[in-house]
Amino acid sequence: MANKLIYSGKTKDVFALDNGNYLLKFKDDCTGKDGVFDPGENSIGLTIEGVGDVNLRMSIYFFEKLKEAGVITHYVSADLKNTTMEVLPAKVFGKGLEVICRLRAVGSFFRRYGEYVENGAKLDSYVEMTFKNDAKGDPLVTRDGLIELGIMSGRQYDEIKEMTKKVTKVVADEMTKRGMELYDIKFEFGYDADGNVMLIDEIASGNMRVYKDGQYIDPMTLSRLFFA
């Protein structure tokens, strides 16, 4: 029986499996603008051959690391030949929420708060959440806002924030080992039938900003350096 396509996203397609789990098919499409990659953009800006494969490879690496660290994720297994990953079912918060952890003041953070902070200044694992809404430019939302809107409980918010910092440290430490520095990274979280929070989606070069010797590293170069 063929897998049933249930959602076609910007960088992945999602299929329903007969066993109740889901299959993520990684694409070679990247977010960006005018042919230039940008993890903060809301639309597909370019296609890079092989990016789906390296995104899956990096996701597998980190999901396995997180399993060792006791972090709950949706990861079950992966098939590099077909660029797919089997995952547990999870509901997203609201209509989709992105969680960003920032270690340096760059990108949209600096554009918003530049009068209070220098570009590239160190941040203390600053966590913020935005609604996934292209038309509205992914608006920021506070803890109180998420609770008031019935999107998550205070307990779930606190769990996500704690998990985000823990996962970010795992990624940042791996980059440091390779002579690189993580500036920021975005995640997605969901929850199971019992309301338990889990990390979902992917952990890939296209979702993070990494620098080496003060220079930004594009996703394909980052993946190549990471696995060198």
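Start by selecting strand β13 (residues 181-191) and β14, which pair in the antiparallel sense over four bridges. Two strands count as paired if DSSP finds at least two bridges between them; helices (H or I, at least four residues) and strands (E, at least two) are DSSP runs, numbered from the N terminus. This is a predicted model, in which local features need pLDDT of at least 70 and side-chain atom pairs pLDDT 80 or more, while totals for chains, interfaces and linings use all residues. Residues are numbered from 1 along each chain as its sequence is written, and side-chain values use heavy atoms, without hydrogens and water.

**The hairpin.** Within this pair, Tyr-191 stands opposite Val-197 of β14. Five residues separate β13 from β14 in the hairpin, and Gly-195 in the turn has a positive phi of about 85 degrees. Now colour β14 (residues 197-200) by side: Val-197 and Leu-199 on one face and Met-198 and Ile-200 on the other are all buried (under 20% relative accessible area; exposed is over 50%, partly exposed in between, with a 1.4 Å probe and protein chains only).

**Back to α4.** Select residues 154-177, the 24 residues of helix α4, which reaches 35 Å from its first C-alpha to its last, close to the 34 Å expected at 1.5 Å a residue (1.5 Å times one less than the number of residues). Just after α4, Gly-179 has a positive phi of about 75 degrees. Next is Met-180, in the loop between α4 and β13. Is Met-180 buried or exposed? Met-180 has a relative accessible area of 4%, so it is buried. Its contacts (heavy atoms within 4.5 Å), leaving aside residues up to four places away in sequence, include Val-210, Tyr-211, Ile-217, Leu-222 and Phe-226. Met-180 and Leu-222 are 42 residues apart in sequence, with 9.1 Å between their C-alpha atoms.

**The aromatic cluster.** Show the rings of Tyr-61, Phe-62, Phe-226 and Phe-227, which ring pairs link into a cluster. Rings of Phe, Tyr and Trp (its six-membered ring) pair if their centres lie within 6.5 Å; planes under 30 degrees apart are stacked, over 60 edge-to-face, the rest tilted. The count by this rule is twelve aromatic pairs. Tyr-61 and Phe-62 are edge-to-face, because their planes stand at 90 degrees, with the centres 5.4 Å apart. Phe-62 counts as buried at 1% relative accessibility, whereas Tyr-61, at 25%, counts as partly exposed. The pair of Phe-62 and Phe-226 is tilted, at 5.5 Å centre to centre and 45 degrees between the planes. This pair links helix α1 to helix α5 (residues 219-226) across 164 residues. Phe-226 is buried, at 2% relative accessibility.

**The five-stranded sheet.** Select the open sheet with the order β1-β2-β3-β8-β7, where the pairing is antiparallel. Its edge strands, β1 (4-8) and β7 (75-79), each pair on one side only. Helix α1 (residues 51-69) packs on this sheet and touches β3 (22-26), β7 and β8 (84-87). Four bridges join β1 to β2 (residues 12-16), and Tyr-7 has Val-14 in β2 as its bridge partner. The charged end of Lys-12 sits over the ring of Phe-26, 5.5 Å from the centre.

**Last stop.** Thr-83 lies in the loop between β7 and β8. Its phi is near 55 degrees, positive in a residue other than glycine. Thr-83 counts as buried, at 14% relative accessibility.

Conventions:
Axes fitted to C-alpha atoms, helices over the stretch in contact; angles between N-to-C directions. Lys NZ or Arg CZ within 6 Å of the ring centre and 35° of its normal.
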